[in-house]
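Visitor: I would like to learn how to read the surroundings of a ligand in a structure. Could you take me through it slowly?

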Amino acid sequence: MSALLSDTADLAAGRQNVIQLVGVTKSYKSIGVLSPVDLDIRDGEFLTILGPSGSGKTTILRMIGGFTRPTAGKILLRGTDIAQVPIHKRPFNTVFQDYALFPHMTVARNVGYGLRIRKTPAGEIKRRVEAVLGTVNLGDKAGRYPAELSGGQRQRVALARAIVCEPQVILLDEPLAALDAELRRSMQEFLKELQRRICTTFVFITHDQEEAISMSDRIAVMDHGNLVQVGTPQEIYYNPKSEFVAKFFGENNILPAVASGLPPAPSIESPLGRHAATAGQHGELLLAIRPESLRLCDGSDLRSDERIASARLESITFLGASTQLSLSVGASGEHRVKVRVPTTLSTRSLAAGNDVMLRWSEADVSFLPRG
Ligand code: ADP
Ligand code: MG
């Protein structure tokens, strides 16, 4: 997994920045809603801004699009400050959550709108609109009005309208939030596929962590107006930098840990035993490890990067293909961890009260600041 991870990172690092936010802040009537944000958005990537409602996602997108001005800081487009560039001169297109289609225009006229404003010749508009409607599988709906379309079709008209102008970046503010679960999943696949096909940078907002993980090249996590972590879905999932990020994505085991710099080497004590500390780790910390990163074992055949601890099985929940175990760990068994293992003949013979051994790879453990 680590090889894959660094390949992805190398690939992404080789790309040029299309947009850079440098120390960008936003206040409304002297109330700060965004702490200084530094964020590089790379050419051709699918970047997701993820965070709970009110965390500042839309504010960032609106500043990039030019709908709102930053209170401080700079937004660069390929190295050039775009503070003075008005909305319609920025090479971006936005897909809003409510789609904002013109109800009195047909699908074709909605999609061609941006090209008409740019005084594109009529023949070229017709050709490009037809091509783009084909791309979003709406070739047969050109003459319909928005009211005559389903939610998913309206969504694709909004997308078509954004891509027809061939922007350098497409900004999407929770475009799937209004769709029901099944349509949402198929639109996720469609969007991702489309982004790969047209090789355009997508800046996508969602508050849904699964959506972010499945669609993104990189995720920027927001919390209360702070950009708290940026990384690939795997980096964010396996190496969260804060308790917020560790808890925001899926299930996690979070245990207290204490780092001490005492000789012979600085180390961290935890209910899962002792781990090596790295520079800068001291005092009270939290240990995070995913339920699927823990395995049952008999203590033999350990790799050098693996660690073990004894645990007592408290309860077993059969989930079909996997089985979830709740175990107590620590010197007096006062801490609980969840473990998710594939169901096998041997897991089916486990019983509450069994003493077992846990094994995990050191790379799957994260230590976070507490509080
Ligand atoms: P998100 O998109 O993550 O839900 P927003 O960027 O819309 O969050 O909002 C971030 C914060 O800024 C919220 O607390 C919101 O109330 C505040 N905010 C957004 N727009 C305005 C505005 N025009 N005036 C005052 N406060 C605003
Ligand atoms: Mg929003």
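Visitor: Which polar backbone atom is 2.6 Å from an oxygen atom of ligand 1?

Guide: A polar contact is a pair of N or O atoms within 3.5 Å, and here the polar backbone atom belongs to Gly 54, 2.6 Å from an oxygen atom of ligand 1. A backbone N or O atom of Ser 55 lies 3.1 Å from an oxygen atom of the ligand, while Lys 57 brings a polar side-chain atom to 2.8 Å from a ligand oxygen. The protein covers 55% of the 560 Å² of accessible area that ligand 1 has on its own, by the Shrake-Rupley method with a 1.4 Å probe.

Guide: This is a predicted model, in which local features need pLDDT of at least 70 and side-chain atom pairs count only at pLDDT 80 or more, whereas totals for chains, interfaces and linings use all residues. Residues are numbered from 1 along each chain as its sequence is written, chains are lettered from A and ligands numbered from 1 in the order in which they are written, and side-chain values use heavy atoms, with hydrogens and water left out.

Visitor: Which helix gives the most residues to the shell around ligand 1?

Guide: Helices are DSSP runs of H or I with at least four residues, strands are runs of E with at least two, and both are numbered from the N terminus. Helix H2, residues 57–65, gives the most to this shell, with 3 residues.

Visitor: Is Tyr 28 buried, partly exposed or exposed?

Guide: Buried means under 20% relative accessible area, exposed over 50%, and partly exposed in between. Tyr 28, which lies in strand E1 (residues 17–28), is partly exposed because its relative accessible area is 39%.

How values were computed:
A polar contact is a pair of N or O atoms within 3.5 Å; within protein, one must be able to donate a hydrogen and the other to accept it, and residues adjacent in sequence count only if both atoms are side-chain atoms. Buried means under 20% relative accessible area, exposed over 50%, partly exposed in between (1.4 Å probe, protein chains only).
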